[in-house]
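Trainee: I am new to this structure. Could you take me through it?
Mentor: Gladly. Here it is.

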Amino acid sequence: MKALAEIIMRGRMQAVLWAVLFALLPILSWLAAATVALVTLRKGATEGALILLAALLPALLIRDYIEVTTVTGLVVVYLSANVLRATVNLRTSILAAVGMSACVLLLDRKSTRLNSSHLVISYAV
């Protein structure tokens, strides 16, 4: 992991490349979030935002392939990294992440709402 972090931190293009690559593969989307967080913590909010936008690009281009959780996860991680950078307090950052995640869950009621017009339980997509 340290070697990967060193590669990512070599420059903006390396960070963008790895963030996009990881975001394209749902099983590795957590590494895209880690890339966004690492750059945000080390270089600041502006540089982190550029990497975040690059990581979100696959989701915007191929919406049917990328999961919504990837997008919300990237945004929550980016915002949490900014809170941690500003406050230098892990507890505050975790509380912010939990609060943002709770808001996402409340806003995303559509995916868990039961479809009452069917006899069997189904979930909206």
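**From a loop to the core**

Mentor: Start with Met-9, which sits in the loop between helix 1 (2-8) and helix 2. Keep in mind that the model is predicted.

Trainee: What is Met-9 in contact with, leaving aside its neighbours within four places in sequence?
Mentor: Leu-38, Val-39, Arg-42 and Lys-43. Take Val-39: it is 30 residues from Met-9 in sequence, but the C-alpha atoms are 7.1 Å apart in space.

Trainee: Now the rings. How many aromatic pairs does a search of the whole structure find?
Mentor: The search finds 1.

Trainee: Why is the pair of Trp-18 and Phe-22 called tilted?
Mentor: Look at the planes: they are at 35°. Stacked needs under 30 degrees, and edge-to-face needs over 60.

Trainee: What makes them count as a pair at all?
Mentor: The limit is 6.5 Å, so they pair.

Trainee: How are Trp-18 and Phe-22 placed in helix 2?
Mentor: They are 4 residues apart in helix 2 (residues 12-24), so about one helical turn separates them.

Trainee: Which is Phe-22, buried or exposed?
Mentor: Phe-22 has 5% relative accessibility. Buried means under 20%, so Phe-22 counts as buried.

Trainee: Why is Trp-18 called partly exposed, then?
Mentor: Trp-18 is at 25%. That value lies between the 20% and 50% cut-offs, so Trp-18 counts as partly exposed.

Trainee: Which residues touch the most other members of the largest nonpolar core?
Mentor: The core has 17 residues, and Val-36, Val-39, Ile-51, Leu-52, Ala-55 and Leu-74 touch the most other members. Helix 2, helix 3 (29-43), helix 4 (45-61) and helix 5 (68-87) each give two or more residues. Helix 3 gives the most, with 5.

Trainee: What does Ile-51 contact beyond its neighbours within four places in sequence?
Mentor: Its contacts include Ala-15, Val-16, Val-36 and Val-39.

Key. Residues numbered from 1 in each chain as written. Predicted model: local features only at pLDDT ≥ 70, side-chain atom pairs only at ≥ 80, totals over all residues. Heavy atoms only, no water. Phe/Tyr/Trp six-rings, centres within 6.5 Å; stacked < 30°, edge-to-face > 60°. Buried < 20%, exposed > 50% of the residue type's maximum accessible area, 1.4 Å probe, protein only. Core = buried A, V, L, I, M, F, W, Y, C linked by side-chain atoms within 4.5 Å. Contact = heavy atoms within 4.5 Å.
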